[in-house]
Amino acid sequence: DLSNDKVSACDIEMGFHHFGYEKYAEGKNASQILNSIGILSSKTSPMWTMSWAHLLEQALDISIPDKAMGIRMILNELTRVKDHLYTLILISYQCGYEDFVSSLTIWYRRTLEQITLLTSNRNPSFIISIGGVRNDIPSGWISNCLEFLGLLEKELLTEYKFLTNSSFWYERLQCGTIQRQE
């Protein structure tokens, strides 16, 4: 029973009620698994896909070209930036800092845009293939991405300076500076 968003009673059914990705992957070939592995975590799907590809490449003694490794590394880093922005959005929202939430949401979307431009697909996992990547870096993408990252860094440093000097932020986090004990 659910009342006032609190569970007041429940019936527990013991047993197996779902199946994992391993069951889903049964009977599929390596390429089919690679193309669908992003369902494990939509936020970090390129990392899961790259892990699977890397595992197969090691097992089959496949070496990938340096450029493909570089593209994978760039994709991983952009995914990491995107995930950090998402976490900052959640923290800022909980603290009631709406202006920062709005700014971070814009940068989150711009990061997704960079990932989509790199991979030529809304699913960033799509670029990963066994033995490399499906396509090359688009013309002009590197300079555009570097400009984007420079602007993002500048924006985040500005916000960081504001936040570290803001009593509002410390009050919302219910913390303060730690003083060294004599």
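## Helices H4 and H6

Helix H4 (residues 66-94) packs against helix H6 (residues 141-164) at an angle of about 30°, and their axes lie 13 Å apart. H4 is therefore roughly parallel to H6 (angles under 35 degrees count as roughly parallel). Axes are lines fitted to C-alpha atoms, for helices over the stretch in contact, and angles run from 0 to 180 degrees between N-to-C directions. Helices (H or I, at least four residues) and strands (E, at least two) are DSSP runs, numbered from the N terminus. The crossing of H4 and H6 is left-handed: the near helix is turned anticlockwise from the far one by less than a right angle.

On the H4 side, the contact (heavy atoms within 4.5 Å) uses Ile74, Leu78, Val81 and Leu85. On the H6 side it uses Trp141, Cys145, Leu149, Leu152 and Leu156. These residues divide into 9 nonpolar, no polar and no charged. Ala, Val, Leu, Ile, Met, Phe, Trp, Tyr, Cys and Pro count as nonpolar, Asp, Glu, Lys and Arg as charged, and the others, Gly among them, as polar.

## Basis of the model

This is a predicted model: local features need pLDDT of at least 70, side-chain atom pairs count only at pLDDT 80 or more, and totals for chains, interfaces and linings use all residues. Residues are numbered from 1 along each chain as its sequence is written, and side-chain values use heavy atoms, with hydrogens and water left out.

## Aromatic pairs

The whole structure holds 4 aromatic pairs. Rings of Phe, Tyr and Trp (its six-membered ring) pair if their centres lie within 6.5 Å; planes under 30 degrees apart count as stacked, over 60 as edge-to-face and the rest as tilted. Tyrosine 86 and tyrosine 108 form a tilted pair, with ring centres 5.9 Å apart and planes at 45°. Tyrosine 86 is in H4 and tyrosine 108 in helix H5 (residues 98-119), so the pair ties together parts 22 residues apart in sequence. Tyrosine 86 is partly exposed, at 29% relative accessible area. Tyrosine 108 is buried, at 18%. Buried means under 20%, exposed over 50%, partly exposed in between (1.4 Å probe, protein chains only).

Tryptophan 107 and phenylalanine 148 are also tilted, with centres 5.7 Å apart and planes at 40°. This pair ties H5 to H6, across 41 residues in sequence. Tryptophan 107 and phenylalanine 148 are both buried. Ring pairs also link Tyr97, Phe100 and Phe162 into a cluster.

## Positive phi in two loops

Aspartate 61 is not a glycine, yet its phi is positive, near 55°. Aspartate 61 sits in the loop between helix H3 (45-59) and H4. It is exposed, at 72%.

Serine 120 has a positive phi of about 60°. Its loop runs between H5 and strand E3 (128-129). Serine 120 is exposed, at 52%.

Terms used:
Angles under 35 degrees count as roughly parallel, over 145 as roughly antiparallel, 65 to 115 as roughly perpendicular and the rest as oblique.
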